[in-house]
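Please read this report beside the sequence and the 3D view, and look up each residue as it comes up.

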Amino acid sequence: MRSSVTVSLVGEARGGPFVFWDDLGGACLQSARLGFDSIEVFPCGPDDPALAFLPALLNQHSLRLAAMGTGAGWVKHQLTLTHPDAEISQRARSFVKGIIDQAGALGASAIIGSMQGRSLPGGDRGSALARLIDALDELGDYAARHGVPLLIEPLNRYETNLINTVQDGLDLLALLKTKNLKLLLDLFHMNIEEVSIPAALRAAGSAIGHVHFVDTNRRAPGFGHMDYVPILKALREVGYEGYLSAEVLPWPNSNEAAEQTILKFKELVSSAV
Ligand code: LER
Ligand code: MN
């Protein structure tokens with residue numbers, strides 16, 4: 001498994017669970033100094049000017065890109081893939097395609113989290129899910145041109161009423177025509193929605209494409225009460241070899257959150273726990 005840390009470039013997401021903010025160059029420097037393998041970037045959009053510097057920064061600091069978020073489509077433009085207005089949902093698809101291209105060029109996957117949207121009051125979950133399936137079929141095949149899967153993230157009930165659990169995610173994958181989707185499992189959401197996090201990870205098995213490595217209170221791993229040893233055991237049992245990416249609050253500050261994350265990562269992953 002490889003370590004990763006999140007970097008947000010989106011002003012509107014301030015207060016959200018990202019370790020580093022705004023300064024992509026500074027974030028790369030600090031991540032490399034601390035020994036992270038990679039960064040996960042949350043840009044303002046496919047045309048975010050900072051993305052022009054990303055390949056050189058990764059190269060300079062020997063970092064990989066773990067994944068790229070699409071959530072700015074929601075927080076900046078209120079786009080979702082399930083919006084009942086066809087023009088809005090089409091704009092959401094274009095936004096995601098742009099991120100798929102930016103991430104794919106660097107060998108990384110795009111993440112569908114908040115862009116999944118929700119079933120709106122007066123609408124029904126079935127039609128929202130049908131719109132999500134249609135969008136993911138197109139976008140999954142689109143991502144395949146880069147040889148990377150598209151990631152769909154179950155979110156807790158306070159953020160969506162569509163895909164909340166691992167089982168919701170597996171049911172969704174089974175309904176898709178495209179085979180190019182994997183699950184992004186976020187331990188914070190799992191702590192709210194799952195009966196047992198290790199059992200849910202085992203059930204997800206080879207469908208796991210990415211993990212958000214975070215504690216129960218959205219702080220860095222070890223700053224809450226998550227029981228990581230059985231979680232790592234389950235990930236090893238299913239042969240997961242992807243990223244553990246810290247999508248955590250910058251608490252008490254960015255550097256200490258990053259330092260705590262890499263310490264916990266090394267303790268769990270580099271040792272034979
Ligand atoms: C937000 O809670 C989250 O987990 C993000 O990864 C989704 O966009
Ligand atoms: Mn997440």
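## About the model

This is a predicted model, in which local features need pLDDT of at least 70 and side-chain atom pairs count only at pLDDT 80 or more, while totals for chains, interfaces and linings use all residues. Residues are numbered from 1 along each chain as its sequence is written, chains are lettered from A and ligands numbered from 1 in the order in which they are written, and side-chain values use heavy atoms, with hydrogens and water left out.

## Aromatic rings

A pair of aromatic rings is described by the distance of the centres and the angle of the planes. Rings of Phe, Tyr and Trp (for Trp, its six-membered ring) pair if their centres lie within 6.5 Å, and planes under 30 degrees apart count as stacked, over 60 as edge-to-face and the rest as tilted. The structure holds 4 aromatic pairs. In one of them, the ring centres of F18 and W21 are 5.6 Å apart and the planes stand at 85°, so this pair is edge-to-face. Both F18 and W21 are buried, where buried means under 20% relative accessible area, exposed over 50% and partly exposed in between, with a 1.4 Å probe and protein chains only.

The rings of F18 and F42 have centres 4.6 Å apart and planes at 15°, so they are stacked. Because F18 lies in the loop between strand 1 (2–8) and strand 2 (20–21) while F42 belongs to strand 3 (residues 38–42), the pair ties together parts that are 24 residues apart in sequence. Helices (H or I, at least four residues) and strands (E, at least two) are DSSP runs, numbered from the N terminus. F42 is buried, as is F18, and F18, W21 and F42 form one aromatic cluster.

## Charges over rings

A charge sits over a ring if NZ of Lys or CZ of Arg is within 6 Å of the ring centre and within 35 degrees of the ring normal. The charged end of R2 sits over the ring of Y243, 4.6 Å from its centre, and R219 lies over the face of W251, at 3.6 Å from the ring centre.

## Strand 7 and its partners

In strand 7 (residues 181–186), 5 of the 6 residues are buried, which leaves the strand mostly covered. Two strands pair if DSSP finds at least two bridges between them. Strand 6 (residues 150–152) runs parallel to strand 7 and is joined to it by 3 bridges, with I152 opposite L183. Strand 8 (residues 208–212) also runs parallel to strand 7, through 4 bridges, and here L185 stands opposite V211.

## A buried threonine

T261 has its place in helix 10 (residues 254–270) and is buried, with a relative accessible area of 1%. Leaving aside neighbours within four places in sequence, T261 is in contact (heavy atoms within 4.5 Å) with F36, F213, A220, P221, A246 and V248.

## Backbone details

Most residues other than glycine have a negative phi, and most peptide bonds are trans. W251 and P252, however, are joined by a cis peptide bond with omega of about 0°, and P252 is in the loop between strand 9 (243–246) and helix 10.

D22, which is not a glycine, has a positive phi of about 70°; D22 is found in the loop between strand 2 and helix 1 (24–34) and is partly exposed, with a relative accessible area of 45%. R218 has a positive phi near 70° and lies in the loop between strand 8 and helix 9 (228–237), but R218 is buried, with a relative accessible area of 9%.
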